[in-house]
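Q: Hi, I have just opened this one and could use a hand finding my way around. Can we go through it together?

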Amino acid sequence: MRPEAVAAMTAELGAVGNPSSLHASGRRARRVVEESREAIASVLGVSAGDVVFTSGGTEADNLAVKGLYRARRSADSGRTRVLASAVEHHAVLDPVEHLGATEGAEVEWLEVDHLGRVRTDLLEKRLVGDPSSVALVTVMWANNEVGTTQPIAEVAALCAEHGVPLHSDAVQALGQLDVDASTVDSLAVSGHKVGGPHGVGALVLKRGLTLEPLLHGGGQERDVRSGTLDAPSIAGFAAAVLASESDRAVRTARVRRLRDDLVARIVADIEGVTRNGDPHDNLPGIAHLSFDGCAGDALLLLLDAAGVECSRGSACSAGVPRPSHVLLAMGLDPATAMGSLRFSLGHTSQQSDVDRLLEVLPGAVARARRAGPSR
Ligand code: PLP
């Protein structure tokens, strides 16, 4: 966590008061929550009343996808189609699939190009035919695996033209890119991606848009999300959002330089390495690479043993590694997808970290290649 977030959160942890209580302690806690809401709203370019606090990005995405679908469907039983980009995070992908499996949603996965960008020409084709049958479109702001930024302004314009609500998962984008939440109908953000605490996030929901809540209870957060508000986490989240916005330009330029250096040196030093994702419109701290002829998992463990921590490009379900749906949607073959890794840089990353990776990577790749690709 960023020090500003630790300070704001720890200052609240010892304080008494439920933000929904009317007594003085409650009112004090409420003030913390409302000031935090205003801070987050101002960074996102919306009014404070649009921000609904949640337990994180996963809950915000579930609330938007299920809540908007159910509300739209119950108002108009003909609105059954859900259009979702094929490269969404599981926090969107799985609720969409759930609606398809259990609630009659007709799910259409929006194609992406080889860089992972949603094909807006194909989205338009899907919308023009029968927009009144579409309950929801969901396209993330930037991809968590390969870092590609989506053409969200174009997607938003198409959705607005056809009167269809657009949800965007901006969990990875906040703190890295200029995120104007007023351009979409709902937007998910998360504390721990901006140097705030885990377990807190928000859904930005345009006023006037109704959704069915996931949680029923005390009616907090405009009745959209019941549950006692976690004032310390919310204070930490807001402090992190403000801090990451105030140093965003300088920090992301520095991280981008480090990342570009990392990619250029790896591609120059090691044969059979391909960079994935959009090389121009992307998150500054993500480098996603495919290594020919080796298993990503083996390489990851070899690097971990050498003190370099990275992530694989594949999801693991029930202990069985599978190629990433993102890479497959971009047209990579399963073997290449399984030989891919994501290297992430953040505000604490230094040139020495990149140098260390370059020291150990050639040997690790050679060893992983001797062991062969995933079977
Ligand atoms: N969406 C994206 C794009 C993410 O990268 C993540 C987390 O990795 C999430 C959603 C889930 O957010 P949270 O961990 O706050 O539930």
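Predicted model: local features only at pLDDT ≥ 70, side-chain atom pairs only at ≥ 80, totals over all residues.

Q: Great, ligand to begin with. How many residues surround the ligand, and which are the closest?

A: The ligand has 14 residues around it, and the closest are Gly57, Thr58, Asp169, Ser190 and His192.

Q: Which side chain has an N or O atom 2.7 Å from a ligand oxygen?

A: That is serine 190. Histidine 192 also has a side-chain N or O atom by a ligand oxygen, at 2.8 Å. For glutamine 172, the distance from a side-chain N or O atom to an oxygen of the ligand is 2.8 Å.

Q: And how much of the ligand does the protein bury?

A: The protein buries 85% of the 390 Å² that the ligand exposes when taken alone.

Q: Changing topic: which residues have the most contacts inside the largest nonpolar core?

A: Those are Leu44, Phe53, Val137, Trp141, Leu187 and Phe237, in a core of 58 residues. There is also a second, separate core of 27 residues, with Val255, Val273, Ala287 and Leu341 among them.

Q: Let me pick valine 137. What does it touch, beyond residues up to four places away in sequence?

A: Not counting those, valine 137 touches Leu83, Leu110, Leu123, Leu127, Cys159, Val164, Pro165, Leu166 and His167.

Q: Now helix α1. Which of its residues are buried?

A: Helix α1 runs over residues 3-13, and its buried residues are Ala5, Met9 and Glu12. They cover an arc of only 60° around the axis, so they sit on the same side of α1.

Q: What is exposed on the other side of α1?

A: Pro3 and Ala11 are exposed there.

Q: And what covers the buried residues of α1?

A: The cover includes α2, which spans 24-44, and α7, which spans 231-246.

Q: Next, arginine 251. Where is it, and is it buried or exposed?

A: Arginine 251 lies in helix α8, residues 248-269. Its relative accessible area is 11%, and since buried means under 20%, arginine 251 is buried.

Q: What polar partners does arginine 251 have?

A: One is the side chain of aspartate 247, joined to the arginine 251 side chain by a polar contact of 2.8 Å. Leaving out residues up to four places away in sequence, arginine 251 touches Arg2, Gly175, Gln176, Ser244 and His347.

Q: What about glutamate 108, buried or exposed?

A: Glutamate 108 is in strand β3, residues 106-110. It counts as buried because its relative accessibility is 16%.

Q: Which side chain does glutamate 108 make a polar contact with?

A: Arginine 126, at 2.9 Å between the two side chains. Beyond neighbours within four places in sequence, glutamate 108 is in contact with Arg81, Val82, Leu83, Ala84 and Arg126.

Q: Last one, valine 92. Where is it found, and what is it in contact with?

A: Valine 92 is found in helix α4, residues 90-102. At 0% relative accessibility, it counts as buried. Setting aside neighbours within four places in sequence, valine 92 is in contact with Asp61, Val65, Thr138 and Asp169.

Methods
Residues numbered from 1 in each chain as written. Heavy atoms only, no water. Helix = DSSP H or I, 4+ residues; strand = E, 2+ residues; numbered from the N terminus. Buried < 20%, exposed > 50% of the residue type's maximum accessible area, 1.4 Å probe, protein only. Contact = heavy atoms within 4.5 Å. Polar contact = N/O pair within 3.5 Å; in protein donor to acceptor, adjacent residues only side chain to side chain. Arc of directions from axis to C-beta. Core = buried A, V, L, I, M, F, W, Y, C linked by side-chain atoms within 4.5 Å. Near = heavy atom within 4 Å. Areas by Shrake-Rupley, 256 points an atom, 1.4 Å probe, with all protein chains shown as cover.
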